[in-house]
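Here is a short tour of one structure. Take a look at the chain before reading on.

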Amino acid sequence: MQVGLHSQPACQRLQQSARKCRRGSSACRTSLRVGAAAQPSLPASGSRPSAVPSSGGSSSGNGKGMLTNRTGRLAFLDEEGQVIRPMPADYGFRSGGARLYQQDYGTIPKGVVELSLDNFKRELRSLRRAVRYNELAEVAQDARQAGSSPGLLGRVGFAAGQAVRSVFARLDIWLEQRNVLNELTQAPQTEMEGELTAEQKDVLAKLRRLTLDDAAVSASEKSRLSAAGGPRPSLPIRAAYTSLCWVLDVVYGGRPIERFWVLETVARMPYFVWISLLHLYESLGWWRAGAELRKVHFAEEWNELHHLQIMEALGGDLRWGDRFLAEHAAVFYYWTLVVIYLISPAASYQFMEMVEGHAADTYAQFAAENKEMLETIPPPLVALNYYKSGDLYLFDEFQTSWRASGDVRRPRCNTLYDVFCNIRDDELEHVKTMVACQDGSIALDLQNAEAMAELASQEKIATLPPWDSDDEEGTTTRRIATKELH
């Protein structure tokens with residue numbers, strides 16, 4: 001829930017709603033978001049977007065409980081009545097309807113032709129600016145400032161990239177002079193940062209000072225695998241995993257937020273693959289026992305989508321080169337994992353176990369390494385809506401292990417440090433589910449037969465035993481044991 005800091009009547013009403021939720025009212029089954037922010041100033045078509053207020057949109061946006069306040073600053077009221085101020089800006093390339101819970105969220109898309117043309121125009125302008133204003137040099141400078149020194153391969157790659165960039169920069173100028181392309185004006189960084197408030201600039205400066213020690217991540221991963229035994233993957237699975245880690249380590253040294261955004265873009269793909277193939281198997285009549293598992297995989301993909309949008313809000317997708325690499329890598333991994341899952345679902349789950357384990361180690365190191373700084377940065381709005389909205393059905397659904405233990409997670413989300421700790425714990429839950437999918441225990445987690453039997457006994461619910469195919473007459477009959485209902 002979002003409330004304006006200077007809108008006391010609205011705040012009081014929402015606090016009353018929060019108290020009803022704590023008493024078990026049905027009102028807490030939905031996430032009531034009351035925004036108090038001006039309409040975000042979206043960029044012109046094809047230009048690089050500015051950081052916009054972290055708002056839920058305007059009254060003309062998604063339209064559910066939205067209030068407008070001239071202050072343009074939001075607060076978030078969780079289900080317990082706690083007021084939390086979200087991060088003051090969305091620093092990502094996309095904003096508005098492209099972000100969950102913001103303007104136009106939930107509307108239907110345009111046709112594919114219009115969508116593709118709009119995206120082409122936007123990305124073409126971003127590509128031209130990346131080439132003309134030497135985005136690659138900015139990336140190298142950011143890495144040096146973060147203390148990351150590229151190896152021989154990195155230096156060769158940088159030199160080759162600069163040579164290609166120089167050719168395209170001259171071509172772009174030549175086409176611009178002949179009025180084939182529109183004239184470019186400001187450089188990307190100048191355009192974005194010139195519109196930020198002092199508070200927004202302060203948060204952005206802190207985000208740029210965050211670090212990640214790759215050697216410490218590697219050491220943590222080795223320690224975890226040696227202690228727990230770890231998976232023993234086949235050569236193709238090991239090659240796919242190693243290639244992903246290599247790209248993250250080499251290309252994204254010294255740029256942790258961009259690294260996390262690329263990781264989350266790729267990490268969504270396996271769940272999409274499994275949903276697609278399980279649906280296909282059901283449609284063909286080959287395998288219909290996976291419907292419940294498909295629901296779990298959707299909840300896992302929904303969780304990864306929120307991780308992705310959190311990293312976008314932090315500016316992880318700002319540079320054209322990062323978007324190009326991540327989105328093409330995601331398509332490549334999608335089809336690779338389709339083939340793997342068709343041959344061996346267990347191998348596909350094993351690959352994801354390794355990826356999620358690596359992600360958990362990375363986030364754990366990042367949170368510990370930057371704890372002091374992260375605790376001074378407010379959480380993004382998308383994180384607050386996901387972790388503290390009150391309706392946590394999909395949040396609970398992807399964590400299958402709690403059904404047996406009864407240990408339900410209800411994480412804090414007061415600072416960006418809490419957000420990264422939550423993401424770390426989410427990844428650990430994914431690891432548990434991937435292990436359960438490999439050894440078959442996922443079925444027990446999903447059925448939770450003992451708990452269901454206990455509930456049926458307590459509520460005196462009619463139960464239907466399984467079909468009995470060993471009938472004396474050779475036909476399949478079903479015996480129904482019905483308990484008296486009260």
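Start with a hairpin. Strands β3 and β4 form it, with 5 residues between them. In the turn, G81 has a positive phi of about 85 degrees. This is a predicted model, and residues are numbered from 1 along each chain.

Now turn to the aromatic rings. A pair of aromatic rings is described by the distance of the centres and the angle of the planes. A search of the whole structure finds 20 aromatic pairs. One of them joins F260 and F420. This pair links distant parts of the chain. F260 belongs to helix α9 (residues 256-267), F420 to helix α18 (residues 416-439), and 160 residues separate them. F395 and F398 form another aromatic pair. The table sets out both.

| Pair | Centre to centre | Angle between the planes | Arrangement |
|---|---|---|---|
| F260 and F420 | 5.8 Å | 50 degrees | tilted |
| F395 and F398 | 5.9 Å | 75 degrees | edge-to-face |

Why does the F395 and F398 pair count as edge-to-face? The angle between its planes is 75 degrees, and an angle over 60 counts as edge-to-face.

F395 is buried, with a relative accessible area of 2%. F398 is buried too, at 0%.

F260 and F420 also belong to a cluster. Together with Y363 and F366, they form one aromatic cluster.

A charge meets a ring elsewhere. The charged end of R323 sits over the ring of F93. The distance from the ring centre is 3.6 Å.

Last comes the surface. Which residues form a nonpolar patch there? They are V164, V167, F168, L171 and W174. Together they have about 480 Å² of accessible area. V167 is placed in helix α4 (residues 152-177). V167 has a relative accessible area of 47%, so it counts as partly exposed.

Note on methods. This is a predicted model: local features need pLDDT of at least 70, side-chain atom pairs count only at pLDDT 80 or more; totals for chains, interfaces and linings use all residues. Side-chain values use heavy atoms; hydrogens and water are left out. Rings of Phe, Tyr and Trp (its six-membered ring) pair if their centres lie within 6.5 Å; planes under 30 degrees apart count as stacked, over 60 as edge-to-face and the rest as tilted. Helices (H or I, at least four residues) and strands (E, at least two) are DSSP runs, numbered from the N terminus. Buried means under 20% relative accessible area, exposed over 50%, partly exposed in between (1.4 Å probe, protein chains only). A charge sits over a ring if NZ of Lys or CZ of Arg is within 6 Å of the ring centre and within 35 degrees of the ring normal. Patches are made of residues with over 30% relative accessible area and no salt bridge: like charges are joined within 9 Å, nonpolar side chains (Val, Leu, Ile, Met, Phe, Trp, Tyr) within 5 Å. Accessible areas come from the Shrake-Rupley method with a 1.4 Å probe; for residues, only the protein chains shown count as cover. A salt bridge is a side-chain nitrogen of Lys or Arg within 4 Å of a carboxyl oxygen of Asp or Glu. Two strands pair if DSSP finds at least two bridges between them.
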